[in-house]
Amino acid sequence: MQIAQVIVNNNSYQTDKLFDYEIPTDLFRKVKRGIRVMVPFGNGNKRLEAYVLNVIESNSRNSKLKKVLAVIDEEPILSEDQLRLVFWMRNQYLCKYIEAIHCFIPKSMVNKERKKITLLDHSWEEVLPSSQKKLRNIITTLQALGGSAYLDLLMQHIDYKEINESIKVLLEKNIIDIKYELNSKINIKTEQYVRIKIEEEQWQPIISSLKRAKKQKILLEMLKEVKEISVKELLERSNTSRSSLNSLQEKGYIEYIDVEISRNPFGDKKFDPFYKFEPNEEQKKAIDQISASIKNESSETYLIHGVTGSGKTEIYLQLIEKVLKKGKQAIVLVPEISLTPQTVSRFMGRFGERIAVLHSNLSDGERYDEWRRILRQEVDIVIGARSAIFAPFKNLGMIVIDEEHEHTYKSEQTPRYNAIHIAEYRSHLENSVLVLGSATPSLESYHRAIEGDFTLITLKNRAMKSNLPTVEVINMAEEFHHGNTSIFSTELLKAMADTLSNHHQTILFLNRRGHSSVLSCKACGYTVKCQYCDITMTFHSAEKRLKCHYCGNVKNIVKSCPECHSEEIKYAGIGTQQIEDLVKVNFPKAKVQRMDMDTTSRKGAHEKILESFKHQEIDILIGTQMISKGLDFPNVTLVGIISADTTLNLPDFRAAEKTFQLVTQVAGRAGRGLEEGKVILQTYEPNHYSIVASTHHDYESFVKDELMIRKEFHYPPFANLLLLNFSGKNEKQVYAIANSVATNMKYILYSEGFKELDAILLGPNPSMISKIKESYRYQILLKDIGIPFSLLKKAVKYLLIDNRSKYIPQGITCTIDINPLSII
Ligand code: ADP
Ligand code: ZN
Ligand code: ZN
């Protein structure tokens, strides 16, 4: 007998396994891998939608097996490659099958069944005695609704708790019938079209017969030309009425059809053509090298390390042209579509229509439309954020990940996947090339290039021949000692004044509101660090103590600075609003604009600000991370970094890397035109290696220093991390549960022969953000130091997936994050 192994569409750990169902003989040929079916599930045999992951043949007859009820799809909605990815993701990220499956299918595709109840033509009044008030009421309501209604509608009119019981009785008595219908939550948008149905040899007699129906004749003649056209357009063009068209339909000369139309997320926005550049030498070398892999269809990964403005986009564009010429398709990932409008418009301007864009503020309907366009292979290029890596292309030639160091490629929701890893696996499965690009590659990627996993391509020069900007470092401790307690150094104010008088533009950059839980000295910039983890310690107000949220190390707070004895030691944190006010005080005539979460929450606000900045209607643009990416404005000659330390002091082992990336990216906005650019960087740590390296645009020397520290403190890329997060309303309980997981974990690892666990298992400790929305948070951090990562994962899987109900009670949330990018 044939057995379908299915995953039911239900997001619970109990159902996160393959369930066997017998395939009835009439469904033999229809049930395939990747198709959806309906199955009876659980004690009540509730009908559930399920995904067939395997079809197997069994010799023994197991009469206890339930049977597949119906097949939902005609064709598999998950391809073989996608199924492989589902299994791979579950192993990689310790997520549920269903979570992995939902990455490939838009939310709106996940169908919900509806029960339709129909009154049978039946003398029910005789069967149901008048004492059966409830049953009779159901029937009269059903009659009032036209004899047939969905259960949910019926329930709006009748509020019996046990309506399902009554329905069952009515069904048994043969008074009603129940049908299950699948009702997709969103509708496909269609438009009515009309199509001609006349054969060539019928034409003449029909036209002659219409001598007196002039309008119908006109319509038919127009239709003969176009064969098929939207009703609206035809009526407009022919200046006729619907009734003439209807008469043609009644005579059988034409038919109406519904044609699916796409909602276009860009509306009618037109994109200026973006003409091809003759590649310069560095670009040409990169294009030639990568083209060879495109030609051979080898699944090679390239890391393009190119300085800001080196013309990486042009390289991607010309490579994609080659991919399309081969009849293949390309996926382009950008950190966040709304923050990279320039990149998107370059792609649109070069390739036009056959591009689908998947950005985070698409409505469900829009996302669904774009996804279907891809599925029907109507587009060749998909540009999108992280989730676009799952685009259902069937003939993928290349994946590009721009700004590959960006944290947005890692999902912060289950399944907590990393789009770069998914891309690697896809490129391997589908023999396509993977291109990662950045001016500041992540340490992980760069290390892999050094190790030979990736092929490194370096671009040292800007495409427009402009120089990289000069970076001037201002030591804020010296400013303080010279009596300047303002957040602007004298140098920065002077440079801003100069830029204004030259009619050039300034960008002032402030990292997102600094971590107020970081204690720092205003006179010298000192912050307290954990001696074991090299991580800035966080202030916990409840206990009035400093904690290392990696290892749990505790210190008392200090009243005065241990370095310089100043009493000006306090919590860092200035905002963009404050900067804006100060700029206006200093430069009352300047046109100042702030760009952060607050000023860009409205749809289109972001584009509007950039547009007016482009047209030089703004002199000084103040912004957060939002302005660090992808902007290419030639008139910007000054970039001011208010405080590099907000990033440098993040309680995160990636703080130095993030600082180097941010400074490089923000600085890269300056001097992209003909004028020289200048960057003024304010810091209390002018000698920190990441500051020094970034001022010299010296990525290599930064990486060398940083890799040494990562190795010494056992951080990625030299170790894998696994973060378990526990949260719940009752703090004692959260801690107790986390603690019991830690104890059990230690027991398992101990019995596997690993006796020294102090460096491997850290915690439970309060998370850096120890309370969110009344929920207390604790974490356990695992590092694979001298122990296989697979063993750590195995232990986690045993405790938190296979036996979850035993260790995690109701009311406690526990998440698993494999190689998290931030530990908060
Ligand atoms: P990156 O993404 O590497 O920071 P961009 O792709 O934004 O750099 O390119 C920087 C600028 O150089 C853009 O204005 C781009 O149009 C221009 N550019 C790119 N390639 C060339 C070329 N071969 N010749 C002239 N200009 C170019
Ligand atoms: Zn100090
Ligand atoms: Zn520590």
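In which helix is Ser291 found? Ser291 sits in helix α11, residues 281-296. The notes below take up that residue and several others.

1. **Ground rules.** This is a predicted model, in which local features need pLDDT of at least 70, side-chain atom pairs count only at pLDDT 80 or more, and totals for chains, interfaces and linings use all residues. Residues are numbered from 1 along each chain as its sequence is written, chains are lettered from A and ligands numbered from 1 in the order in which they are written, and side-chain values use heavy atoms, with hydrogens and water left out.

2. **The whole chain.** The protein chain has 27 helices and 33 strands. Helices (H or I, at least four residues) and strands (E, at least two) are DSSP runs, numbered from the N terminus. The C-alpha trace spans about 95 × 75 × 55 Å along its principal axes. Of the 824 residues, 53% count as buried. Buried means under 20% relative accessible area, exposed over 50%, and partly exposed in between (1.4 Å probe, protein chains only).

3. **Ser291.** With a relative accessible area of 13%, Ser291 is buried. Its side chain reaches the backbone oxygen of Ile287 at 2.5 Å. Not counting residues up to four places away in sequence, Ser291 touches Leu319 and Lys322. Contact here means heavy atoms within 4.5 Å.

4. **Ligand 1.** Which residues come nearest to ligand 1? Of the 18 around it, they are Glu278, Gln283, Gly309, Lys312 and Asp632. A residue is near a molecule if one of its heavy atoms lies within 4 Å of it. The shell divides into five nonpolar, seven polar and six charged residues. Ala, Val, Leu, Ile, Met, Phe, Trp, Tyr, Cys and Pro count as nonpolar, Asp, Glu, Lys and Arg as charged, and the others, Gly among them, as polar. Helix α12 (residues 312-325) gives the most to this shell, with three residues.

5. **Atoms facing the ligand.** A backbone N or O atom of Glu278 lies 2.9 Å from a nitrogen atom of ligand 1. For Gly309, a backbone N or O atom is 2.7 Å from an oxygen atom of ligand 1. Thr313 places a polar side-chain atom 3.0 Å from a ligand oxygen. Taken alone, ligand 1 exposes 570 Å², and the protein buries 85% of that. Accessible areas come from the Shrake-Rupley method with a 1.4 Å probe.

6. In soluble globular proteins, nonpolar side chains tend to be buried together. Here the largest nonpolar core has 91 residues, and Met89, Leu724 and Phe726 touch the most other members. Another core, of 29 residues, lies apart from it and includes Leu317 and Val433. A nonpolar core is a set of buried Ala, Val, Leu, Ile, Met, Phe, Trp, Tyr and Cys residues joined through side-chain atoms within 4.5 Å.

7. **A buried loop residue.** Ile389 is found in the loop between β15 (381-384) and β16 (396-402). Is Ile389 buried or exposed? Ile389 is buried, with a relative accessible area of 0%. The C-alpha atoms of Ile389 and Ala423 are 6.6 Å apart, though 34 residues separate them along the chain.

8. **Backbone points to check.** A cis peptide bond joins Thr414 and Pro415, with omega about -5°. The bond from Gly763 to Pro764 is also cis, with omega near 5°. Gln377 is not a glycine, yet its phi is positive, near 55°. Gln377 is partly exposed, at 21% relative accessible area.

Notes
Polar contact = N/O pair within 3.5 Å; in protein donor to acceptor, adjacent residues only side chain to side chain.
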